[in-house]
Structure formats: structure tokens, C-alpha cells
Amino acid sequence: MDLGELQKRAIRIHDLYDELNRLERGRGWTREEFMLGFAGDVGDLAKLVMAEEGAREMPGGRAALEHELADCLWSVLILAYRYNIDLDDAFSRTMAELESAISARLAKNGSSA
């Protein structure tokens, strides 16, 4: 699945959540609430990574880690959608900028990478 297909699927789930939230709470989530949810997911991910590395106990094991990584990806895809960001373009641009900056620093420091 490419990034566009992932985002389309994420948006379908987003729309279902919006419908459910409107039915159960009378409103959908704001962009800020999505960001707060994402921050919580990142905290959960951090705990699961620590568990994977043996630094703490967390239920769920590898399956929970996989789930949380997918949940975080979903949040990033939805935040990009809600803020009208072309994530494919932004990612390509950012990676090119990072590659150029890191390569320049490596060249400056005598690396052949």
C-alpha cells in the first residue's frame, strides 16, 4: 500500500470515528483533540518500546507495539489531512533537505558516505 492508499484508508476510519463521536458525544474531534490523542499514543508507544527493550513490563508484547505504531501512523496521516498537508510532498522535501545537510556535514568531517 502506498502513502496515498494509506491516507485514504485512514480518512475512512476518521470519518467513521467522526460519525460515532457525533452520535455518542454530539460532536467530532477538533484538530487539537486529534493532536492530544496522538501525544497520548506516542506516550504509549514509548512505554511499549521500553518493554521491547526489557526496561519495563507492559502487557501485549510485540502485537501491542505493532498496534501502537500503526495508531501513531494513523494520527500523522489524519493530522496531515486535517491541516491540508501533502504528506508525500512534505516527506520527500524533508528527506532531501536532511540528506543534503547530513551529507554536507559528513563531507566536511571527512567521511566518504
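Me: Helices (runs of H or I with at least four residues) and strands (runs of E with at least two) are DSSP runs, and they are numbered from the N terminus. This is a predicted model, in which local features need pLDDT of at least 70 and side-chain atom pairs count only at pLDDT 80 or more, while totals for chains, interfaces and linings use all residues. Residues are numbered from 1 along each chain as its sequence is written, and side-chain values use heavy atoms, with hydrogens and water left out. With that in place, in which helix is Leu-87 found?

Reply: The loop that holds Asn-84 lies between α3 and α4, and α4 is given as residues 87-108. Leu-87 is therefore placed, as a member of a DSSP run, in helix α4.

Me: Leaving aside its neighbours within four places in sequence, which residues is Leu-87 in contact with?

Reply: Contact here is a matter of distance, since it means heavy atoms within 4.5 Å. Gly-37 stands 50 residues from Leu-87 along the chain, and the C-alpha atoms of the two are separated by 20 Å. With neighbours up to four places away left aside, the contacts of Leu-87 are Leu-3, Val-76, Leu-77 and Ala-80.

Me: Which residues touch the most other members of the largest nonpolar core?

Reply: A nonpolar core is a set of buried Ala, Val, Leu, Ile, Met, Phe, Trp, Tyr and Cys residues joined through side-chain atoms within 4.5 Å. Buried stands for a relative accessible area under 20%, exposed for one over 50%, and partly exposed for what lies in between, with a 1.4 Å probe and protein chains only. Of the 13 residues in the largest core, those touching the most other members are Ala-10, Phe-34, Trp-74 and Ile-78.

Me: From which element does the largest share of this core come?

Reply: Two or more residues are given to this core by each of the elements α1 (3-25), α2 (31-52) and α3. The largest share is seven residues, and these come from α3.

Me: How are α2 and α3 placed relative to each other, roughly parallel or roughly antiparallel?

Reply: Axes are lines fitted to C-alpha atoms, for helices over the stretch in contact, and their angles run from 0 to 180 degrees between N-to-C directions. Angles under 35 degrees count as roughly parallel, over 145 as roughly antiparallel, 65 to 115 as roughly perpendicular, and the rest as oblique. The axes of α2 and α3 come within 9 Å and cross at roughly 155°. The relation of α2 to α3 is therefore roughly antiparallel.

Me: At roughly what angle do the axes of α1 and α3 cross?

Reply: The axes of α1 and α3 come within 9 Å, at a crossing of roughly 85°. That makes α1 roughly perpendicular to α3. The contact includes Leu-6, Ala-10 and Ile-11 of α1 together with Trp-74, Ile-78 and Tyr-81 of α3. The angle asked for is roughly 85°.

Me: Is Ile-11 buried or exposed?

Reply: Ile-11 lies in helix α1, and, leaving out residues up to four places away in sequence, it touches Ile-78 and Tyr-81. Because its relative accessibility is 17%, Ile-11 counts as buried.

Me: Which residues does Ser-75 touch, not counting residues up to four places away in sequence?

Reply: Ser-75 belongs to helix α3, which covers residues 61-82. With a relative accessible area of 4%, Ser-75 is buried. Beyond its sequence neighbours up to four places away, Ser-75 touches Phe-38 and Asp-41.

Me: What is the relative accessible area of Asn-21?

Reply: Asn-21 is found in helix α1. Leaving aside neighbours within four places in sequence, Asn-21 is in contact with Gly-26, Arg-27, Gly-28 and Trp-29. Asn-21 is buried, because its relative accessible area is 7%.

Me: What is the phi of Asn-84?

Reply: Most residues other than glycine have a negative phi. Asn-84 sits in the loop between α3 and α4, and it is exposed, with a relative accessible area of 72%. Although Asn-84 is not a glycine, its phi is positive, at about 55°.
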